[in-house]
Amino acid sequence: MHFSSRWYTHNGPEPIPVSSGPRIRLLGPVLAIEAVTAEDGGVYKCSASNAGGEASADLRLTVSTPIHVEITPNVLSVHMGGTAEFRCLVTANGMTAGPQHITWFKDGRQLPSSGRVGDTLQVTGVTREDKGMYQCVVRRQEGDSFQASAELQLGDAPPSLVYSFIEQTLQPGPAVSLKCSAQGNPTPQISWTLDGFPLPTNGR
C-alpha cells in the first residue's frame, strides 16, 4: 500500500511544512538537518497518509548551546584577615545564561555551600590556608560540564607575634630554650638580640 509522508514544524498556532534547503534534506520519510543551530530546536511533526487515513507523531528537538564559564577576577590578592570574593560568570552566545548548577572547588576539593550566594563565592577572614586555585564547575541537565579557574594570592601582611617566650629566672649552668614565632606575608625572618645587641652565632 502506497503512503506519503510530510514533515512540519509545530512551534506556532499552525504547523508549517518543512521545505528542502541548503541545510535541510527530505529523504522520503527521513528529515535530515545539517550543521544544527539553536534556531533549529523545537517541535517537529511527521505526518503519514494513505488511502486508509492519516497518522502523525510529534517529536521535540533540543539543541544544547555551548556555554562559556569565567571567574572574575581571574587573580585576586587579599591581605590576611580580609575578604575574597569570586564570581562565576556563565554565558551562551555572548549573552548571560540562565540559572545554572554551580559547584565550587579549591585545589580540586569541593567546597561546602557556606559562603556561596548565587554565582558568588565569598571567603572571609582569609588565612594562609585559603590561598590557591579556585574552580567553578557548571553542570547542565544534558550531562556535560564546563569550568573555569582563578587564583587567590595573599597580599603583604606585617609581622605579628603568635608566640613569645615567658620571663624566666635561672641559676647559672643549666640550658635554656626560648621560642618565638610570628606570622605575616611574606614569612617573617626572626632575629635575636640581647640588651639591644645581636646575639652571636656559636656552639651554644
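Phe86 is buried, its relative accessible area being 1%, where buried denotes under 20% relative accessible area, exposed over 50% and partly exposed the range in between, for a 1.4 Å probe and protein chains only. The model is a predicted one, in which local features need pLDDT of at least 70 and side-chain atom pairs count only at pLDDT 80 or more, whereas totals for chains, interfaces and linings use all residues. Residues are numbered from 1 along each chain as its sequence is written, and side-chain values use heavy atoms, with hydrogens and water left out.

The structure holds 1 aromatic pair, formed by Phe86 and Tyr134, which is tilted, with 5.5 Å from centre to centre and 35° between the planes. Under the criterion applied, rings of Phe, Tyr and Trp (for Trp, its six-membered ring) pair if their centres lie within 6.5 Å, and planes under 30 degrees apart count as stacked, over 60 as edge-to-face and the rest as tilted. Because Phe86 lies in strand β9 (residues 84-92) and Tyr134 in strand β15 (residues 132-139), the pair ties together parts that are 48 residues apart in sequence. Tyr134, at 2% relative accessibility, likewise counts as buried. Helices (H or I, at least four residues) and strands (E, at least two) are DSSP runs numbered from the N terminus, and by this assignment the protein chain has 0 helices and 20 strands.

Strand β15 belongs to an open sheet of 5 strands in the order β8-β16-β15-β11-β12, with mixed pairing, two strands being taken to pair if DSSP finds at least two bridges between them. The edge strands are β8 (75-78) and β12 (109-110), each of which pairs on one side only. Of the 8 residues of β15, 6 are buried, so the strand is largely enclosed by the rest of the structure. On one side, β15 pairs with strand β16 (residues 145-154) in the antiparallel sense over 8 bridges, and Gly132 stands opposite Leu152 in β16. These two strands, β15 and β16, form a hairpin with 5 residues between them, and Gly143 in the turn has a positive phi of about 105°.

Strand β15 also pairs with β11 in the antiparallel sense, over 6 bridges, and Phe105 stands opposite Gln135 in β15. Thr103 lies in strand β11 (residues 101-106) and, at 7% relative accessibility, counts as buried. When residues up to four places away in sequence are not counted, Thr103 touches Gln110, Arg116, Gln135, Cys136, Val137 and Arg139, a contact meaning heavy atoms within 4.5 Å. The pairing of β11 with β12 is antiparallel over 2 bridges, and Arg109 in β12 is the bridge partner of Lys106.

A further open sheet consists of 4 strands in the order β2-β1-β5-β6, with antiparallel pairing. Strands β2 (16-17) and β6 (53-61) stand at its edges with a single partner strand each, so one side of each is left without a neighbour in the sheet. Within this sheet, strand β1 (residues 4-9) and strand β5 (residues 42-50) pair in the antiparallel sense over 6 bridges, and Ser4 stands opposite Ser49 in β5.

At the level of the whole chain, the domain assignment, whose bounds come from an automatic or database source, gives domain 1 (4-61), domain 2 (67-154) and domain 3 (158-198). The centres of domain 2 and domain 3, taken over C-alpha atoms, are separated by 41 Å. The C-alpha trace of the protein chain spans about 120 × 30 × 30 Å along its principal axes. The radius of gyration of the protein chain is 33 Å, whereas a compact globule of 204 residues would have a value near 17 Å; this quantity is taken over C-alpha atoms, and the globule rule is 2.2 Å times the number of residues to the power 0.38. Buried residues make up 24% of the 204 residues in the protein chain. Among contacts in the protein chain with a separation of 6 or more, 50% are accounted for by residues 24 or more positions apart.

Gln168, in the loop between β17 and β18 (181-185), is partly exposed, with a relative accessible area of 41%. Leaving aside neighbours within four places in sequence, Gln168 is in contact with Val176, Ser177 and Leu178. Gln168 and Ala51 are 117 residues apart in sequence and 110 Å apart in space, C-alpha to C-alpha.

The confidence of the predictor in each residue is expressed as pLDDT, from 0 to 100. The mean pLDDT of the protein chain is 83, with 95% of its residues reaching 70 or more. Among the elements of the protein chain, strand β14 (residues 120-123) has the highest mean pLDDT (94) and strand β17 (residues 157-163) the lowest (71). Where pLDDT is low, the predicted coordinates should not be read in detail.
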